[in-house]
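Here is a short report for a first look at a structure. Please keep the sequence and the 3D view at hand while reading.

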Amino acid sequence: MSDLVNRGILRRSMLKGAAALTAASALPTRWSIAQEKPLKVGLMLPYSGTYAQLGENITTAIEVLVAEKGGKLAGREVQIIKLDDESKPENAPQNADRLVKRDQVDVLIGTVHSGVQMGIHKVVSESGTLTIVPNAGNGAVTRELCVKNVFRSSFTNWQPAYGMGVAAARNGFRKSVWVTWDYAAGAESGAGFKEAFEKGGGEVLPSLTLPFPQTNFQPLLAQLPGLGVDLVGSFFAGGGAVQFVKEYRAAGIKLPLCGSGFLTEGTLPAQGAAAEGIETALHYGDGLDNAKNIAFRKAFKDKAGREADVYAVQGYDAAQLLALGLEAVRGKIEDEANLYKALRAAKIDSPRGPISISPAQNVTQNIYLRKVEGGMNKVVGIAADNLADPGTGCKLA
Ligand code: BEZ
């Protein structure tokens, strides 16, 4: 018997159990013990490598939300099971399988890297496990491969880069090139930037790339001054972004540098003066002046001892989304129809501002234009207002 069939049987017997539970309300003590089984939450995230800090911030922010809820979601204790995916796509199906089949998690929150997400997606599309993507932006997950049990609390790679392209064209730039890692996040963000920048009358040359997670930037940097561009756009994140920005400045390149906001997100203390003046677009900014953001940043800093960033916000919102769904079904995660209905209708008060869930189960949100000033990603405008990913090819709606 396949694991898939096994799981189906498990789910059916859980549902039968739930029906029996209603009928047996005359036995409150015994049955309420069964109902209070901890909710197993699997976190499949990078805790090592260039994206380690991103995984740590997502995790800490989830813990912040659970603590705010008194350690329980919809009355159920939360048992967190962490797995380091090392941002290695080749290990992703096996790692996701461990959480789903061996650990039998009720919900999987993961991950950061778009390639690893594809491995998770294959596993959870088959198992039907509720999955919340707290970062990875690969379009397929909420486009042509969308499934009813997978939601994002993050973005698609297209969204911030599209916003950057809009803002760059609006600011009068005319010719650009995208410099990035050669994998889904780099390619899809480059495509989003190109789409918007060319719509605004600009031209984008073929991207300059290197394999993930390499940081041998010198051969790419050496080409930039001779390309005849008036702007350089970029996607890098985590440790790679720190190094790219520092080497860009050290190379003495005078062309303005912009990008998807990950380029300067969670990286500013390490980038220092090299990042000052860089403009990027993202669904978050440090100084967003709303009550939720102010309270969240304080709670995160108190726990982590460092400033919050977009990764922390996405982790917090993954937990907010899960809490909201569970509250709608009073902790009965097996009540899938009502759980998904609540998640799809979710309106969340996020530190990034109000967000909603699109028909393809991605986040609809503002994309802010930010500028690094005094070591902060200061919001200087809105690059794209309430932007939804097109969700092309998703048939859930
Ligand atoms: C991605 O692989 O999708 C990704 C990684 C880090 C930051 C943003 C996107």
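## Two loops with positive phi

Arg330 sits in the loop that joins helix 12 (310–328) to helix 13 (336–344). The model is predicted. Arg330 is not a glycine, yet its phi is positive, at about 50°. Is Arg330 buried or exposed? Arg330 has a relative accessible area of 64%. The cut-off for exposed is over 50%, so Arg330, at 64%, counts as exposed.

Glu86 also belongs to a loop, the one between strand 3 (76–84) and helix 4 (92–102). The phi of Glu86 is near 55°, again a positive value in a residue other than glycine. The relative accessible area of Glu86 is 33%. Buried means under 20% and exposed means over 50%, so Glu86, at 33%, is partly exposed.

Pro213 is placed in the loop between strand 8 (203–210) and helix 8.

## The ligand and its shell

Where does the ligand sit? The ligand is in the largest cavity. There are 16 residues around the ligand. Val112, His113, Ser114, Gly137 and Tyr183 come nearest. The shell around the ligand divides into 11 nonpolar residues and five polar ones. No charged residue is part of that shell.

Ser114 places a polar side-chain atom 2.6 Å from an oxygen atom of the ligand. Tyr183 also uses a polar side-chain atom, at 2.5 Å from a ligand oxygen. Gly137 takes part through its backbone: a polar backbone atom lies 2.9 Å from an oxygen atom of the ligand. Taken alone, the ligand exposes 260 Å², and the protein buries 100% of that area.

## Buried positions

Ile120 belongs to helix 5. How accessible is Ile120, and is it buried or exposed? Its relative accessibility is 0%. The cut-off for buried is under 20%, so Ile120, at 0%, counts as buried. Ile120 and Ala274 are 154 residues apart in sequence. In space, their C-alpha atoms are 36 Å apart.

Ser260 is part of strand 10 (residues 257–260). Its relative accessibility is 1%. With the cut-off at under 20%, Ser260 at 1% therefore counts as buried. Along the chain, Ser260 and Thr180 are 80 residues apart. The C-alpha atoms of Ser260 and Thr180 are separated by 11 Å.

## Exposed and partly exposed positions

Ala222 is found in helix 8 (residues 218–223). Its relative accessibility is 62%. Exposed means over 50%, so Ala222, at 62%, counts as exposed. How many Å separate the C-alpha atoms of Ala222 and Ala251? The separation is 8.3 Å, for two residues that are 29 residues apart along the chain.

Val380 lies in strand 15 (residues 376–387). Its relative accessibility is 46%. That value falls between the limits of 20% and 50%, so Val380 counts as partly exposed. Val380 and Glu195 are 185 residues apart in sequence. From C-alpha to C-alpha, Val380 and Glu195 are 22 Å apart in space.

Definitions and conventions:
Residues numbered from 1 in each chain as written. Predicted model: local features only at pLDDT ≥ 70, side-chain atom pairs only at ≥ 80, totals over all residues. Heavy atoms only, no water. Helix = DSSP H or I, 4+ residues; strand = E, 2+ residues; numbered from the N terminus. Buried < 20%, exposed > 50% of the residue type's maximum accessible area, 1.4 Å probe, protein only. Near = heavy atom within 4 Å. Polar contact = N/O pair within 3.5 Å; in protein donor to acceptor, adjacent residues only side chain to side chain. Areas by Shrake-Rupley, 256 points an atom, 1.4 Å probe, with all protein chains shown as cover. 1 Å grid on protein atoms, 1.4 Å probe; cavity = no way out; pocket = protein on both sides within 12 Å on 5 of 7 lines; lining within 4 Å. Sits in = over half its atoms within 2 Å of the grid points. Nonpolar A, V, L, I, M, F, W, Y, C, P; charged D, E, K, R; others polar.
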